[in-house]
Amino acid sequence: MDSQHLNPSSLKSRFTARFLRALIKINAQKPISSSSPRDIFQRYQRIKVAADKSMAYSVRSRRTWSRATLWKLRSRSRRRLASSGRRSSIKTRTTTTTTTTTTSTNHRAAIVEKTSHEKENKEDHVGLAVQAEELRELVPGGESMDLCNLLDETAHYIKCLTTQVQVMKKIANLYSLE
Amino acid sequence: RRSRSKQSSVSSITDDQITDLVSKLQHLIPELRRRRFNKVSTSKVLQETCNYIRSLHREVEDLSDRLSQLLASTDSDSDQAAIIRSLLMQ
């Protein structure tokens with residue numbers, strides 16, 4: 001991986017540009033003199049949200065997990081606007097999770113139908129369906145994915161998270177050099 | 001017979017597909033990458049995947065925390081512009 005030349009259309013540079021713009025905006029919001037613990041915590045929240053949001057936006061809606069993240073962030077800001085009294089009613093959309101249970105049951109049944117040759121594989125994979133529950137909670141939108149998509153989305157999600165961490169580390173190091 | 005073929009058409013996910021996806025995950029997890037030639041159980045891969053995602057989340061939180069402290073101590077906009085320029089030109 002050549003880190004010397006940054007491809008302007010790469011995920012990494014899209015994320016970096018977005019996140020830096022967000023950081024500058026956050027920094028401009030409060031005068032630097034006010035660094036009370038509360039302000040710092042608020043800034044921490046904003047920075048964390050900005051990081052997750054920047055990554056999800058850089059991926060756009062090409063991935064289920066990024067769509068889920070963007071939807072979550074939008075509904076959270078909608079709720080905040082509503083509670084601040086600007087709107088009289090909150091419009092909430094509920095995701096249907098009924099499809100999840102039917103799909104996973106079907107898959108589990110289909111897996112059990114395999115021959116004894118694949119018994120070792122089968123046992124592995126039946127346990128997989130159950131263990132995937134933990135993974136579903138960690139990957140945004142994981143609850144409504146079938147097993148195959150979940151594994152695929154997880155791989156992409158991990159790649160993006162590592163990029164996010166890499167860039168944030170670099171920015172923090174640069175800031176602390178001053 | 002009919003029900004069996006019906007079941008196999010429902011199972012659009014093959015074991016091979018799952019095995020492939022799981023091994024793809026294995027390559028992404030630093031903990032498991034070096035054990036590439038030893039068989040790592042699917043269950044272990046999933047477990048380590050969850051652990052790895054959690055540690056990445058924690059890193060994001062720690063870095064956000066660090067950045068919030070650092071932002072509080074920096075001032076001029078010109079410094080930030082220089083940082084951006086150097087980052088984007090790398």
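In what order do the elements of chain A run from the N terminus on? They run α-α-α-α-α-α. The model is a predicted one. Chain A has six helices and zero strands, and 40% of its 178 residues count as buried.

**Helix 6 of chain A**

- Helix 6 of chain A covers residues 147-177, which is 31 residues.
- From the first C-alpha to the last, helix 6 of chain A reaches 45 Å, close to the 45 Å expected at 1.5 Å a residue.
- The N-terminal end of helix 6 of chain A is capped by Asp146(A), which places a side-chain oxygen 3.1 Å from the backbone nitrogen of Cys148(A).
- Glu153(A) is part of helix 6 of chain A.
- Glu153(A) counts as buried because its relative accessibility is 6%, and the cut-off for buried is under 20%.
- Trp65(A) is 88 residues from Glu153(A) in sequence, yet the two are 6.8 Å apart in space, C-alpha to C-alpha.

**Packing of helices 1 and 6 in chain A**

- Helix 1 of chain A (residues 11-29) packs with helix 6 of chain A at an angle of about 50°, and their axes are 10 Å apart.
- Helix 1 of chain A is therefore oblique to helix 6 of chain A; angles under 35 degrees would count as roughly parallel, and 65 to 115 as roughly perpendicular.
- The crossing in which helix 1 of chain A passes helix 6 of chain A is right-handed.

**Helix 2 of chain B**

- Helix 2 of chain B has 14 residues (residues 15-28), so it should span 20 Å at 1.5 Å a residue; the end C-alpha atoms are 20 Å apart, in agreement.
- Its buried residues are Asp15(B), Ile18(B), Leu21(B), Val22(B), Leu25(B), Gln26(B) and Leu28(B).
- These residues cover an arc of only 160° around the axis, so they sit on the same side of helix 2 of chain B.
- An α-helix has 3.6 residues a turn, so residues three or four places apart point the same way.
- On the face turned away from the buried side, helix 2 of chain B carries the exposed residues Asp16(B) and Asp20(B).

**Asp20(B)**

- Asp20(B) belongs to helix 2 of chain B.
- Asp20(B) counts as exposed because its relative accessibility is 54%, where exposed means over 50%.
- Leu46(B) is 26 residues from Asp20(B) along the chain, and their C-alpha atoms are separated by 13 Å.

Terms used:
Residues numbered from 1 in each chain as written. Chains lettered and ligands numbered in written order. Predicted model: local features only at pLDDT ≥ 70, side-chain atom pairs only at ≥ 80, totals over all residues. Heavy atoms only, no water. Helix = DSSP H or I, 4+ residues; strand = E, 2+ residues; numbered from the N terminus. Expected span 1.5 Å × (residues − 1). Polar contact = N/O pair within 3.5 Å; in protein donor to acceptor, adjacent residues only side chain to side chain. Buried < 20%, exposed > 50% of the residue type's maximum accessible area, 1.4 Å probe, protein only. Arc of directions from axis to C-beta. Axes fitted to C-alpha atoms, helices over the stretch in contact; angles between N-to-C directions. Parallel < 35°, antiparallel > 145°, perpendicular 65-115°, else oblique. Left-handed = near helix turned anticlockwise from the far one by under 90°.
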